[in-house]
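Good morning, and thank you for coming. Please look at the display.

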Amino acid sequence: MKGTLCILLAATVMCCLAACGSTQPAPAAQPQQTQTPAPTQTEQTPPPAEPSPQTAPETSAPPAEPAPETPAPLPETSGKEVLVVVFSVTGTTKGVADKIAALEDADLYEIRAAQEYTSADLSWHDSKSRTTLEQNDKALRPEIGSDPISLEGYTTVYIGYPIWWGEEPRIMDTFVESYDFDGITVIPFCTSGSSGIGRSGKNLAENAGSGTWLDGKRFGAGVSETELQSWIDSLK
Ligand SMILES: Cc1cc2nc3c(=O)[nH]c(=O)nc-3n(C[C@H](O)[C@H](O)[C@H](O)COP(=O)(O)O)c2cc1C
(Lines give C-alpha, C1' and ligand atoms only; values in the text may rest on other atoms or scores of the structure.)
Protein backbone atom coordinates (compact mmCIF):
# COMPACT_ATOMS: atom_id res chain seq x y z
CA MET A 1 0.00 0.00 0.00
CA LYS A 2 2.75 2.36 0.92
CA GLY A 3 4.52 1.53 -2.30
CA THR A 4 1.37 2.26 -4.32
CA LEU A 5 1.01 5.62 -2.69
CA CYS A 6 4.63 6.40 -3.47
CA ILE A 7 4.08 5.55 -7.14
CA LEU A 8 0.94 7.72 -7.28
CA LEU A 9 2.76 10.59 -5.64
CA ALA A 10 5.65 10.28 -8.03
CA ALA A 11 3.24 10.22 -10.96
CA THR A 12 1.46 13.31 -9.68
CA VAL A 13 4.76 15.18 -9.30
CA MET A 14 5.73 14.19 -12.85
CA CYS A 15 2.42 15.46 -14.17
CA CYS A 16 2.79 18.73 -12.32
CA LEU A 17 6.28 19.20 -13.66
CA ALA A 18 5.09 18.51 -17.18
CA ALA A 19 2.24 20.98 -16.76
CA CYS A 20 4.57 23.65 -15.40
CA GLY A 21 6.79 23.29 -18.48
CA SER A 22 3.93 24.41 -20.77
CA THR A 23 3.50 27.66 -18.87
CA GLN A 24 7.01 28.85 -19.53
CA PRO A 25 7.13 32.55 -20.46
CA ALA A 26 6.78 33.09 -24.16
CA PRO A 27 9.80 34.40 -26.00
CA ALA A 28 10.11 38.11 -26.34
CA ALA A 29 7.19 39.18 -28.45
CA GLN A 30 7.99 39.78 -32.06
CA PRO A 31 6.27 42.81 -33.65
CA GLN A 32 3.17 41.37 -35.07
CA GLN A 33 1.50 42.62 -38.10
CA THR A 34 -1.71 43.10 -36.23
CA GLN A 35 -0.04 45.25 -33.64
CA THR A 36 0.79 48.11 -35.96
CA PRO A 37 -2.01 49.52 -38.08
CA ALA A 38 -1.80 48.25 -41.57
CA PRO A 39 -0.72 51.01 -43.96
CA THR A 40 -3.48 52.31 -46.03
CA GLN A 41 -3.59 51.72 -49.73
CA THR A 42 -2.26 55.17 -50.45
CA GLU A 43 0.59 54.77 -48.06
CA GLN A 44 1.47 51.40 -49.47
CA THR A 45 1.71 52.36 -53.12
CA PRO A 46 2.14 55.70 -54.77
CA PRO A 47 -0.89 56.88 -56.62
CA PRO A 48 -0.88 55.85 -60.25
CA ALA A 49 1.03 58.35 -62.30
CA GLU A 50 -1.00 60.61 -64.49
CA PRO A 51 -0.64 59.28 -68.00
CA SER A 52 1.82 61.47 -69.75
CA PRO A 53 1.62 61.92 -73.51
CA GLN A 54 4.58 59.52 -73.78
CA THR A 55 3.14 56.85 -71.49
CA ALA A 56 -0.48 57.06 -72.65
CA PRO A 57 -1.79 53.57 -73.39
CA GLU A 58 -1.98 52.69 -77.02
CA THR A 59 -5.74 52.25 -76.78
CA SER A 60 -6.36 55.87 -75.80
CA ALA A 61 -8.05 58.06 -78.43
CA PRO A 62 -5.63 60.00 -80.62
CA PRO A 63 -5.56 63.75 -80.00
CA ALA A 64 -8.27 65.51 -81.97
CA GLU A 65 -7.08 66.88 -85.30
CA PRO A 66 -7.64 70.65 -85.57
CA ALA A 67 -10.69 71.23 -87.75
CA PRO A 68 -9.63 72.27 -91.24
CA GLU A 69 -10.51 75.85 -92.02
CA THR A 70 -13.44 75.86 -94.42
CA PRO A 71 -14.77 79.00 -96.01
CA ALA A 72 -18.20 80.09 -94.82
CA PRO A 73 -20.76 78.57 -97.18
CA LEU A 74 -22.50 81.00 -99.44
CA PRO A 75 -26.26 81.13 -98.99
CA GLU A 76 -28.08 78.71 -101.26
CA THR A 77 -29.59 80.22 -104.36
CA SER A 78 -33.37 80.64 -104.36
CA GLY A 79 -33.81 79.65 -107.99
CA LYS A 80 -35.08 83.13 -108.83
CA GLU A 81 -33.58 84.94 -111.82
CA VAL A 82 -34.13 88.52 -110.67
CA LEU A 83 -32.30 90.18 -107.79
CA VAL A 84 -32.89 93.64 -106.34
CA VAL A 85 -29.83 95.09 -104.62
CA VAL A 86 -30.35 98.18 -102.48
CA PHE A 87 -28.39 100.58 -100.33
CA SER A 88 -30.62 102.83 -98.24
CA VAL A 89 -29.74 104.77 -95.12
CA THR A 90 -33.04 106.46 -94.28
CA GLY A 91 -35.37 103.90 -95.88
CA THR A 92 -36.64 105.72 -98.95
CA THR A 93 -34.80 103.68 -101.56
CA LYS A 94 -35.51 100.49 -99.60
CA GLY A 95 -39.24 101.23 -99.90
CA VAL A 96 -38.93 101.46 -103.68
CA ALA A 97 -36.74 98.35 -103.79
CA ASP A 98 -39.33 96.35 -101.84
CA LYS A 99 -41.99 97.29 -104.38
CA ILE A 100 -39.80 96.33 -107.35
CA ALA A 101 -38.93 93.02 -105.69
CA ALA A 102 -42.61 92.26 -105.12
CA LEU A 103 -43.56 93.15 -108.69
CA GLU A 104 -40.69 91.11 -110.13
CA ASP A 105 -40.96 88.23 -107.63
CA ALA A 106 -37.27 88.86 -107.02
CA ASP A 107 -34.78 88.25 -104.23
CA LEU A 108 -33.67 91.28 -102.23
CA TYR A 109 -30.13 91.96 -101.06
CA GLU A 110 -29.34 94.91 -98.83
CA ILE A 111 -25.93 96.56 -98.85
CA ARG A 112 -25.05 97.68 -95.33
CA ALA A 113 -21.97 99.69 -94.50
CA ALA A 114 -19.50 97.97 -92.18
CA GLN A 115 -19.51 101.24 -90.25
CA GLU A 116 -23.11 102.42 -90.12
CA TYR A 117 -23.87 106.00 -91.06
CA THR A 118 -24.95 108.25 -88.21
CA SER A 119 -27.13 111.32 -88.72
CA ALA A 120 -24.00 113.45 -88.25
CA ASP A 121 -22.36 111.44 -91.04
CA LEU A 122 -25.27 112.33 -93.35
CA SER A 123 -25.07 116.09 -92.87
CA TRP A 124 -24.53 117.78 -96.19
CA HIS A 125 -24.26 121.16 -94.45
CA ASP A 126 -21.02 120.04 -92.85
CA SER A 127 -18.04 120.18 -95.19
CA LYS A 128 -16.22 117.75 -92.87
CA SER A 129 -19.02 115.19 -92.46
CA ARG A 130 -18.31 111.60 -93.46
CA THR A 131 -20.56 111.67 -96.53
CA THR A 132 -19.16 115.01 -97.71
CA LEU A 133 -15.61 113.69 -97.41
CA GLU A 134 -16.54 110.40 -99.12
CA GLN A 135 -18.33 112.07 -102.01
CA ASN A 136 -15.43 114.49 -102.50
CA ASP A 137 -13.06 111.55 -103.04
CA LYS A 138 -14.00 109.48 -106.09
CA ALA A 139 -11.43 106.83 -105.18
CA LEU A 140 -12.81 106.18 -101.71
CA ARG A 141 -14.43 102.75 -101.19
CA PRO A 142 -16.30 102.36 -97.89
CA GLU A 143 -16.34 98.78 -96.63
CA ILE A 144 -19.49 96.68 -96.97
CA GLY A 145 -20.62 94.93 -93.78
CA SER A 146 -23.37 92.67 -95.10
CA ASP A 147 -22.55 89.08 -96.04
CA PRO A 148 -21.54 88.69 -99.67
CA ILE A 149 -24.08 87.27 -102.09
CA SER A 150 -23.62 84.86 -104.98
CA LEU A 151 -24.93 86.25 -108.26
CA GLU A 152 -25.07 82.77 -109.75
CA GLY A 153 -28.42 82.08 -111.39
CA TYR A 154 -29.48 85.73 -111.68
CA THR A 155 -30.02 87.13 -115.17
CA THR A 156 -31.32 90.57 -114.07
CA VAL A 157 -30.08 92.69 -111.20
CA TYR A 158 -31.71 96.00 -110.19
CA ILE A 159 -29.37 98.23 -108.21
CA GLY A 160 -30.90 100.99 -106.05
CA TYR A 161 -29.30 103.80 -104.05
CA PRO A 162 -29.91 107.39 -102.89
CA ILE A 163 -28.34 110.29 -104.72
CA TRP A 164 -25.60 111.93 -102.67
CA TRP A 165 -24.18 115.17 -104.00
CA GLY A 166 -25.57 114.35 -107.45
CA GLU A 167 -23.89 110.92 -107.61
CA GLU A 168 -24.01 107.35 -106.33
CA PRO A 169 -22.75 106.86 -102.77
CA ARG A 170 -19.16 105.59 -102.90
CA ILE A 171 -20.18 102.33 -101.23
CA MET A 172 -22.09 101.51 -104.44
CA ASP A 173 -18.75 101.61 -106.24
CA THR A 174 -17.38 99.20 -103.63
CA PHE A 175 -20.26 96.87 -104.44
CA VAL A 176 -20.06 96.89 -108.24
CA GLU A 177 -16.28 96.47 -108.16
CA SER A 178 -16.67 93.37 -105.98
CA TYR A 179 -18.79 91.32 -108.38
CA ASP A 180 -18.70 89.92 -111.88
CA PHE A 181 -21.84 90.86 -113.81
CA ASP A 182 -21.01 88.91 -116.96
CA GLY A 183 -24.22 87.58 -118.53
CA ILE A 184 -26.38 89.80 -116.29
CA THR A 185 -28.58 92.75 -117.25
CA VAL A 186 -28.05 95.46 -114.64
CA ILE A 187 -30.67 98.20 -114.07
CA PRO A 188 -29.84 101.13 -111.79
CA PHE A 189 -32.52 103.10 -109.96
CA CYS A 190 -32.30 105.79 -107.31
CA THR A 191 -34.24 108.13 -105.04
CA SER A 192 -33.39 111.74 -104.24
CA GLY A 193 -34.78 115.00 -102.94
CA SER A 194 -35.14 116.31 -106.47
CA SER A 195 -31.99 115.57 -108.49
CA GLY A 196 -32.11 113.22 -111.45
CA ILE A 197 -30.05 110.04 -111.74
CA GLY A 198 -27.35 112.05 -113.52
CA ARG A 199 -24.20 110.15 -114.36
CA SER A 200 -24.50 107.76 -111.44
CA GLY A 201 -25.66 104.77 -113.51
CA LYS A 202 -22.87 105.28 -116.02
CA ASN A 203 -20.29 105.65 -113.25
CA LEU A 204 -21.40 102.33 -111.81
CA ALA A 205 -21.28 100.61 -115.21
CA GLU A 206 -17.75 101.89 -115.83
CA ASN A 207 -16.54 100.85 -112.40
CA ALA A 208 -18.17 97.42 -112.67
CA GLY A 209 -16.52 96.73 -116.02
CA SER A 210 -18.87 93.81 -116.72
CA GLY A 211 -22.55 93.20 -117.37
CA THR A 212 -25.09 94.77 -119.71
CA TRP A 213 -26.13 98.04 -118.08
CA LEU A 214 -29.41 99.72 -118.96
CA ASP A 215 -30.20 103.41 -118.39
CA GLY A 216 -31.45 103.90 -114.86
CA LYS A 217 -34.28 105.96 -113.43
CA ARG A 218 -34.87 108.24 -110.46
CA PHE A 219 -38.01 107.84 -108.32
CA GLY A 220 -39.57 109.93 -105.59
CA ALA A 221 -40.41 108.45 -102.20
CA GLY A 222 -44.08 107.97 -103.00
CA VAL A 223 -43.76 106.20 -106.35
CA SER A 224 -46.71 103.87 -106.98
CA GLU A 225 -46.63 100.20 -108.00
CA THR A 226 -48.40 101.14 -111.24
CA GLU A 227 -45.68 103.61 -112.16
CA LEU A 228 -42.99 101.09 -111.28
CA GLN A 229 -44.71 98.34 -113.26
CA SER A 230 -44.92 100.48 -116.40
CA TRP A 231 -41.20 101.28 -116.01
CA ILE A 232 -40.38 97.57 -115.61
CA ASP A 233 -42.47 96.77 -118.69
CA SER A 234 -40.62 99.43 -120.69
CA LEU A 235 -37.33 97.66 -119.99
CA LYS A 236 -38.40 94.38 -121.67
C1 LIG B 1 -25.22 113.29 -97.91
C2 LIG B 1 -26.47 113.46 -98.70
C3 LIG B 1 -26.41 114.06 -99.92
C4 LIG B 1 -27.56 114.26 -100.69
N5 LIG B 1 -27.47 114.84 -101.92
C6 LIG B 1 -28.58 115.02 -102.65
C7 LIG B 1 -28.52 115.61 -103.93
O8 LIG B 1 -27.47 115.97 -104.43
N9 LIG B 1 -29.70 115.80 -104.60
C10 LIG B 1 -30.91 115.43 -104.10
O11 LIG B 1 -31.92 115.63 -104.75
N12 LIG B 1 -30.98 114.80 -102.90
C13 LIG B 1 -29.87 114.59 -102.17
N14 LIG B 1 -29.95 113.97 -100.96
C15 LIG B 1 -31.25 113.44 -100.49
C16 LIG B 1 -31.34 111.93 -100.73
O17 LIG B 1 -30.97 111.58 -102.03
C18 LIG B 1 -32.76 111.44 -100.50
O19 LIG B 1 -33.22 111.83 -99.24
C20 LIG B 1 -32.88 109.93 -100.66
O21 LIG B 1 -34.21 109.60 -100.99
C22 LIG B 1 -32.50 109.18 -99.40
O23 LIG B 1 -32.55 107.78 -99.65
P24 LIG B 1 -32.52 106.70 -98.48
O25 LIG B 1 -33.61 107.03 -97.52
O26 LIG B 1 -32.78 105.42 -99.19
O27 LIG B 1 -31.18 106.76 -97.84
C28 LIG B 1 -28.80 113.79 -100.21
C29 LIG B 1 -28.84 113.15 -98.96
C30 LIG B 1 -27.70 113.00 -98.24
C31 LIG B 1 -27.76 112.30 -96.91
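Let us begin with W165, which counts as partly exposed because it has 14 C-beta neighbours inside 10 Å. The rule is that a residue is buried if 20 or more other C-beta atoms lie within 10 Å of its own, exposed if 12 or fewer, and partly exposed in between, with C-beta atoms placed from the backbone. W165 is found in the loop between strand 3 and helix 5. Its phi is near 50 degrees, a positive value in a residue other than glycine.

Before I continue, please note that this is a predicted model: local features need pLDDT of at least 70, side-chain atom pairs count only at pLDDT 80 or more, and totals for chains, interfaces and linings use all residues. Residues are numbered from 1 along each chain as its sequence is written.

D105 also has a positive phi, near 50 degrees, and is a residue other than glycine. D105 lies in the loop between helix 3 and strand 2. D105 counts as exposed because it has 9 C-beta neighbours inside 10 Å.

That brings us to helix 3 itself. Helices (H or I, at least four residues) and strands (E, at least two) are DSSP runs, numbered from the N terminus. Helix 3 covers residues 92-104, and its 13 residues should span 18 Å at 1.5 Å a residue; the end C-alpha atoms are 19 Å apart, which agrees. The expected span is 1.5 Å times one less than the number of residues.

Which residues of helix 3 are buried? They are T92, T93, V96, A97, I100 and A101. Seen down the helix axis, these buried residues fall within an arc of 165 degrees, so they line one face of helix 3. The arc is that of the directions from the helix axis to the C-beta atoms. The cover over the buried residues of helix 3 includes strand 1 (82-86), strand 3 (156-162) and helix 7 (225-234). Contact here means that two C-beta atoms, placed from the backbone, lie within 7 Å.

Helix 3 also matters for the ligand shell, to which it gives the largest share, three residues. In total, 20 residues surround the ligand, and the closest are S88, T90, T92, T93 and P162.

Helix 6 (residues 200-208) has S200, G201, L204, A205 and A208 buried. Down its axis, the buried residues of helix 6 fall within an arc of 140 degrees, so they line one face of the helix. They pack against strand 3, helix 5 (170-177), strand 4 and strand 5 (212-213). After helix 6 comes G209, with a positive phi near 75 degrees.

The largest nonpolar core has 35 residues, and among those with the most contacts inside it are L83, V157 and M172. Such a core is a set of buried Ala, Val, Leu, Ile, Met, Phe, Trp, Tyr and Cys residues joined through C-beta atoms within 7 Å. M172 touches F87, Y161 and L204, leaving aside residues up to four places away in sequence.

Finally, the whole chain: seven helices and six strands. Of its 236 residues, 24% count as buried. Among contacts between residues at least 6 apart in sequence, 78% join residues at least 24 apart.

Definitions and conventions. Near = placed C-beta within 6 Å.
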